[in-house]
Amino acid sequence: MRKYLTICPYCGCGCGMYLEAKENDVLGVNPSYHHPISRGKLCVKGWNVHEFINSSDRLTYPLIRKNGSLKRTSWEEAIDYSAEKLLKIKKDYGSESLGILSSAKCTNEENFLLSKFTRIALGTNNIDHCARLCHASTVTGLKMAFGSGAMTNSINELENADCILVAGSNTTSQHPMIGARILNAVEKGAKLIVVDSRKIHLCNFATIHLCPKPGTDVAWINCLMQIMVSEKLADIEYIKRRTENFEETRRLFELYTPEYTEKITGIPKENLIKAARIYAGTRKAMIVYSMGITQHVHGTENVLALANLSLLAGHVGYPHSGVNPLRGQNNVQGACDMGALPDMLSGYQPIRNLENQIKFNKAWKTTIPSKTGLTVVEMINEAVLGNIKGMFIMGENPMISDPDINHVKKALENLDFLLVSDMFLTDTADLAHVVLPACSFAEKDGTFTNTERRVQRVRKTINTIGECLPDWQIICKLSNKMGHEMSYEHPREIMEEIALLTPIYGGIFYDRLDEGWGLQWPCYHRDHLGTSFLHQETFIRGKAHFTPVKQSPSYEETDKDYPFILTTGRIYFHFHTGTMSRRCSALDREVPEGFASINYNDAQDLDIKEGEKIKIISRRGEIEVRASISEAVCRGAIFVSFHFKESPANKLTSSALDPVSKIPELKVCACKVEKL
Amino acid sequence: MKNYILDKNFLKPFLRKVMKKERLIAPIEFNKDIIFDFIDEIDEITTNFTNSIISPKRFFFPQSDTILEYEKTSHVKVQPIVSYERRVIFGIRSCDVYGLLNLDKFYSLGYEDIYYLQRRENVTLINLVCSDPCENGFCIYAKSGPKAEVGFDLQFTDLGDKYFVEVGSVKGEELIKIAELFFSKIIEKDEERRFEVVLKSKSCFSHLYVDLQDAALKLKNNLVSENLWQELADRCQRCGGCNYVCPTCTCFDVVDKDIEGQRGRRVRLWDSCVLGGFTRLAGGYNPRSRIEDRVKRKFYHKLSYEIEKFQATSCVGCGRCTTVCLGNIDTASVVRRIVLGE
């Protein structure tokens, strides 16, 4: 059996691995020693990745709903029926009544094709994917500030930083390879500032831990800036030469004195001062952040505040220093890059820009729609209202992953037609009219782009299971049936089209990817070696932009009926909606069911014992889940992971949106806890 | 046993003849990474390599191994699945040979593990002496390398243009008989060169002394501070990698998986003692619920208990845990900390 280097399908680290297969069964995994990210290591999910691929409950043939239940059908019937339904909805209600969810789990080529399909075959820009739920605010915020919404640096640069400020990222759990780099940096003497409302594992290594009340991030960030200015720690020359709009911003953040901020955030003022001095005093200072910053109704403001902070200290534009959003999915960076977004074409080319329209119209021999489409949560809302009539969901599981699941269910049940492609019969697929069996990462070729913008080859190791097809072939079949020809023999050809139309991917070709360990975009042409860190000498947008931001309230504050703040997230042993990780016996054994972390004192007040089932109720729904009494969460807060469909945290969460990026506020909602 | 010389030009011709008789496993290079795998084309084999991340242990004790298939009819039909394939592993390193000797003891102690032992019985090992030690290895201090004293069927030492071939067993002698024409007699000078190659290799280890014996003594006499285990626990990321790559880790979990309909298979999978589920009991109680207890137990097992049981530590100094560990708490560094009395 030939072995092929491929990429782990879990988080955004993008570890290189070889799969061990016997006949068509994947039986083991082998980390790549020379790969720049894995360096011979894997996390527990990576080490056990082989188990879900050949799972006996993989979908192996298409299903169609007949008399209320899903029955086996042929590909021909499934595609014919789906094409007919989508065309009919388009004809009867117009293109805007169709919506597409693309997938951060699928390859770049698949996301690009689905983006193309949406625009040419459906005639709408209603395409989005789960990046909306994780880093939408990063894409908008960092683009406004710097001109690009991606990590400014590379993962390995973390090891040589003097200071690492980790905000709202449980890095050792969610990005184990990056967590390990942080530990290495600390071992070498770097200062670590952890800002998290939970006592996460990294706190054990932190120089200082700031523990803000959930939803008060703008306040502490503005306060650090206030301290830096008042203590003359700001890099005035950098601000002058590299940035704009500083004075206006300064007027606002200067209001956030340590005393005032302590009242809002609960962080003692001495700690704020200490953190500001460390961050401003070091030269190679990395900010690392994730969902704790982004998943708020003021997510964009949080991101802008962090960007301001880094600019004030002059910390962007050189190695080992910058602002680094950690992307959560194996290819969430790529799905964004490929234009699976309602307002952008591939490479963040705005769809409303006439030149872009002309370029794509010419290449695709069509007229692409110019009106900005709907985002994930907006599509769901419109489906409830009956304005979205048909959806195609590729490899996403909004019935577990999206906020306010009862609302999502209402939306999906309200559709005239729902088409889902997936590896498993997920809770979302279970509501579909047609379900198409899709290949796993082990059965297809393509590329994933990891969190540091590294485009890497995913290589087919085993033959397709059952009648499964890779999603790119599914899209081609559907498009061809709908009268828009798509003929590609291999994903390589799709990448060639991507390179042609996408400046930042302009030099990315398979032969180049096969030579080494991938290429980091921007990579403009064939001779371009890729870019390890951004904004060298000048920002992508020219001068970096300071934006004044003030602390605004969360959508839902606690009150006497709902006195607890619920935050949600992932845990180390599982991934997202659990469709892969829960099928791996070692991971399932480790954490077989969901749990709610509750502070020891709160548990005592409510007479809740360790492991006892409790009920958590929000204004939108309720779940029953076991309590895990913990010092990691502060008083008044509850943490529930969203992996488990038996106790789905997203029944509780709110779909209130950040008005700029349309990211829902998954990190804060009010709830109450009852003993059962 | 006898010794021979094999001209390097005839290594592949020899292995080609071996392939005709038995299934050949050897190191292959993929993107500079080394993986031991079944050989279909003789030219895939690489002879100049640092050891693989996954040890050849996996050919005896695979990461996941179907041990039986069953059918859930009125009376359950069970079909054990044991491999009787005859195999030759070329290029195994001394540390891994000693690793197998360790597994041999464990899997035949009291209960005889047929899945392992059958594969072991049907294999012939051609050990390749490390003339250039790997970065993380400390086999020299674990007395398991760079050259093996026992355990191999054939042992090759690279003399530049030829291999010095030591025969370690009847199986080894029989393998040579497959292609005796390629092997010639040694002369005294060859012995000298072999000695010098090994001597030079021994001088090239990057690790300072890793004193496994002293660590074992300190553990046995409880001279290790509890703080050490707490610090290690903080650094352990519970990936399981150290166990998975260890040539002497023997633990496995057993799960039943459906095939289709009433058919299913029982699979055993590599397990890791740093995982909580490893010791959790059916009722939910976990005697080692804290990671510090599990990490402590792991090092006691590797470095101390094994001495009482088998008169040797079960660390062969391959250094793989140094490579895979996310928290830099590999055996070499922990031994050093124990010895220093941190």
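Okay, let's start in chain B, where helix 8 and helix 12 cross with a right-handed sense. Before I go on, keep in mind that this is a predicted model.

So how are those two helices set? Helix 8 of chain B and helix 12 of chain B, which covers residues 331-340, pack at about 160°, and their axes are 11 Å apart. Angles over 145 degrees count as roughly antiparallel, so that's what we call helix 8 of chain B relative to helix 12 of chain B. On the helix 8 side of chain B, the contact uses Leu228(B), Trp229(B), Glu231(B) and Leu232(B), and helix 12 of chain B brings Val334(B), Arg337(B) and Ile338(B). By class, that contact is five nonpolar residues, two charged and no polar.

Now over to chain A for another helix pair. Helix 9, residues 217-230, packs against helix 12, residues 258-265, at about 165°, and the axes of these chain A helices are 10 Å apart. That makes helix 9 of chain A roughly antiparallel to helix 12 of chain A. The crossing of this chain A pair is left-handed, though. Helix 9 of chain A puts in Ala219(A), Trp220(A), Cys223(A), Gln226(A) and Ile227(A), and they meet Pro258(A), Thr261(A), Ile264(A) and Thr265(A) from helix 12 of chain A.

The largest pocket holds about 2,000 Å³ of space. There are 49 lining residues, and the closest to the centre are Val591(A), Phe595(A), Ser628(A), Arg238(B) and Ser289(B). Which elements give two or more residues to that lining? From chain A you get helix 7, strand 24 and strand 26, and from chain B helix 8 and helix 10. Strand 26 of chain A gives the most, with five residues.

The peptide bond from Trp521(A) to Pro522(A) is cis, with omega near 0°, and Pro522(A) sits in the loop between strand 21 and strand 22 of chain A. Chain B has a cis bond from Gly145(B) to Pro146(B), with omega near 5°. Pro146(B) is in the loop between helix 4 and strand 8 of chain B. Then there's His576(A), a residue other than glycine with a positive phi, near 45°. You'll find His576(A) in the loop from strand 23 to helix 24 of chain A.

That's me done, thanks.

Technical notes
Residues numbered from 1 in each chain as written. Chains lettered and ligands numbered in written order. Predicted model: local features only at pLDDT ≥ 70, side-chain atom pairs only at ≥ 80, totals over all residues. Heavy atoms only, no water. Axes fitted to C-alpha atoms, helices over the stretch in contact; angles between N-to-C directions. Helix = DSSP H or I, 4+ residues; strand = E, 2+ residues; numbered from the N terminus. Parallel < 35°, antiparallel > 145°, perpendicular 65-115°, else oblique. Left-handed = near helix turned anticlockwise from the far one by under 90°. Contact = heavy atoms within 4.5 Å. 1 Å grid on protein atoms, 1.4 Å probe; cavity = no way out; pocket = protein on both sides within 12 Å on 5 of 7 lines; lining within 4 Å. Points joined across faces, edges and corners; volume = space filled by probe spheres on them. Nonpolar A, V, L, I, M, F, W, Y, C, P; charged D, E, K, R; others polar.
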